[in-house]
Amino acid sequence: MSVAPLNYLLSRCSVKYVQAPGPTDEHLALILQAAMSAPDHGRERPWRFALIRGAAVMHLAELALAATERAGRPITAAKEASTRAWLEKVPLLIAVACHLDSVSTRIPEHERMLAVGASVTNMLNAAHMLGYGAYWSTGLGTYVDEVNDALGFEKPGYRCMGHVSIGTPIQTPAPVKRPDYQAFVSEWTGVGEQAIPAHAAASMPAGLTD
Ligand SMILES: Cc1cc2nc3c(=O)[nH]c(=O)nc-3n(C[C@H](O)[C@H](O)[C@H](O)COP(=O)(O)O)c2cc1C
C-alpha cells in the first residue's frame, strides 16, 4: 500500500471555521458513503444523518439557541454571538444520531454508539482527504429534545450524537502536534505479569497536554 493515504490519516485535524463552497454533490456522496464502511457489530447500521444545508444552517442555529434557553439552559450573549458568527459561514452541517432498538438488544447499546462514532470518524477523514475542513461538535442543541425532535431524532428511538460541519477552511490549518502513541500503549505478555500501564511506560512529550 502506498504511504499517501496513511499520511491523510496522520494529518487530519478538526477545522471549525469553514465557508462555502461546501462539498459538491459527488464529494458529499463519497463522504456519506465512507460512513457506511465503519465497523458495525451485528450489521445494525445504527447511524443516521440529517443534512442541513445553506440557509437551513442558520435556521437550525436559531432553533438551537432558542430551544436551549427554553430548556432552562441560559446562553450568554457572547456565546450566542460566537455561535452565529461561526455558523453563518458554514455551508453544510450533518446532524448525527444513533438509532437505538429496544427490541433487538443483542448488541449492547454502547456498541451501537461506538459504530456511529466510527462512522463519523470515517466522514471526517473522507472530508479531509477531499480537501475540506470538518469538525464534530456536540454544542448545538445536541442534548435538547426540541432540537432533536425537529431533526427527526426523537427519543426513545434515537440519540443525537452531535453535528459535523464541513466546508472550505477559512484559513489554512496549521499542522497539529500529536502525542507519541507510546504514551498510550502497554504490552501484555501473558506470563505472570501485568501490563505496564501506558502512562508509566512513556511520558507525554513536552508541551502536550491531553
Ligand atoms: C463526540 C465529540 C463531540 C465534540 N464536541 C465538541 C464541542 O461541542 N465543542 C468543541 O469545542 N469540541 C468538541 N469536540 C472536539 C473537536 O471535534 C475536536 O476533536 C477537537 O477540537 C480536537 O481537534 P482535533 O480533532 O484536530 O484533534 C468533540 C469531539 C467529539 C469526538
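## First stop: the core

Begin by selecting L93, V96, M123, A127, A134, V164 and I166, which touch the most other members among the 39 residues of the largest nonpolar core. A nonpolar core here is a set of buried Ala, Val, Leu, Ile, Met, Phe, Trp, Tyr and Cys residues joined through C-beta atoms within 7 Å, and a residue is buried if 20 or more other C-beta atoms lie within 10 Å of its own, exposed if 12 or fewer, and partly exposed in between, with C-beta atoms placed from the backbone. At least two residues of this core come from each of α2, β2 (47–53), α3 (55–70), β3 (92–99), α5, β4 (133–137) and β5 (158–169). Helices (H or I, at least four residues) and strands (E, at least two) are DSSP runs, numbered from the N terminus. In soluble globular proteins, nonpolar side chains tend to be buried together.

This is a predicted model, in which local features need pLDDT of at least 70 and side-chain atom pairs count only at pLDDT 80 or more, while totals for chains, interfaces and linings use all residues. Residues are numbered from 1 along each chain as its sequence is written.

## Second stop: two packed helices

Select helix α2 (residues 25–35) and helix α5 (residues 109–129), which pack at an angle of about 145° with their axes 7 Å apart. The axes are lines fitted to C-alpha atoms, for helices over the stretch in contact, and angles run from 0 to 180 degrees between N-to-C directions. On the α2 side, L30, I31, A34 and A35 meet S119, N122, M123, A126 and A127 of α5. The residues of this contact divide into 7 nonpolar, 2 polar and no charged; Ala, Val, Leu, Ile, Met, Phe, Trp, Tyr, Cys and Pro count as nonpolar, Asp, Glu, Lys and Arg as charged, and the others, Gly among them, as polar.

Next, select C13, S14, Y135, W136, S137, T138, G139, G162 and V176, the residues around the ligand, each having its C-beta atom, placed from the backbone, within 6 Å of the ligand. Strand β4 gives the most to this shell, with 3 residues, and by class the shell has 4 nonpolar, 5 polar and no charged residues.

Most residues other than glycine have a negative phi, and most peptide bonds are trans. Select P21, in the loop between β1 (18–19) and α2, and find the cis peptide bond from A20 to P21, with omega near 0°. Another cis bond joins K155 and P156, with omega about 0°, and P156 lies in the loop between α6 (145–151) and β5.

In the loop between α2 and β2, select R43, whose phi is positive, near 50°. R43 is exposed, with 8 other C-beta atoms within 10 Å. R45 lies in the loop between α2 and β2 and has a positive phi near 45°, but R45 counts as partly exposed, with 15 C-beta neighbours inside 10 Å.

## Last stop: the whole chain

Finally, select the whole protein, whose secondary structure comes to 7 helices and 5 strands. Of its 210 residues, 27% count as buried.

Key: Contact = placed C-beta atoms within 7 Å.
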